[in-house]
Amino acid sequence: MKKIEAIIKPFRLDAVKDALSDIGIHGMTVSEVKGFGRQKGHTEVYRGAEYEVDFLPKIQLDIAVDDDRLEEAVEAISKTAHTGKLGDGKIFISTLTDVIRIRTGEVGSDAL
């Protein structure tokens, strides 16, 4: 089993969620996060004063998938979140040693 952590632009969330749903992946955790990479920040003006916005709003998706679903999930996220502009995001993949569904006690792939 793998855990996918994807950092995407907020306005791409619905499209990514729909793309994952289309391939049969329905469970995910969504968090509003802030950060920056090469995109860095930008300057804004508030009440006549300029200030630097260092951390930009992003969405973090956490998704657990079986190994055999990993490639299609990553492809769905990559294609749908892509705008071709700086700050499209990143996808991190890590190995899950176990998953337990609290309600039923199911373990491993059955808990996904």
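The lining of the second largest pocket has 7 nonpolar, 4 polar and 4 charged residues. Here Ala, Val, Leu, Ile, Met, Phe, Trp, Tyr, Cys and Pro count as nonpolar, Asp, Glu, Lys and Arg as charged, and the others, Gly among them, as polar. The model is predicted: local features need pLDDT of at least 70, side-chain atom pairs count only at pLDDT 80 or more, and totals for chains, interfaces and linings use all residues. Residues are numbered from 1 along each chain as its sequence is written, and side-chain values use heavy atoms, with hydrogens and water left out.

A pocket is an open set of points on a 1 Å grid over the protein atoms alone, where a 1.4 Å probe fits, with protein on both sides within 12 Å along at least five of seven lines; lining residues have an atom within 4 Å of a point. Its volume is the space filled by probe spheres set on the points, which are joined across faces, edges and corners.

| Pocket | Volume | Residues nearest the centre |
|---|---|---|
| Largest | about 340 Å³ | Phe-36, Gly-37, Gly-87, Gly-89, Lys-90 |

Strand 2 gives the most to the lining of the largest pocket, with 3 residues. Strands (E, at least two residues) and helices (H or I, at least four) are DSSP runs, numbered from the N terminus.

Ile-23 sits in the loop between helix 1 (13-22) and strand 2. Beyond its neighbours within four places in sequence, Ile-23 contacts (heavy atoms within 4.5 Å) Arg-69, Glu-72, Ala-73 and Ala-76.
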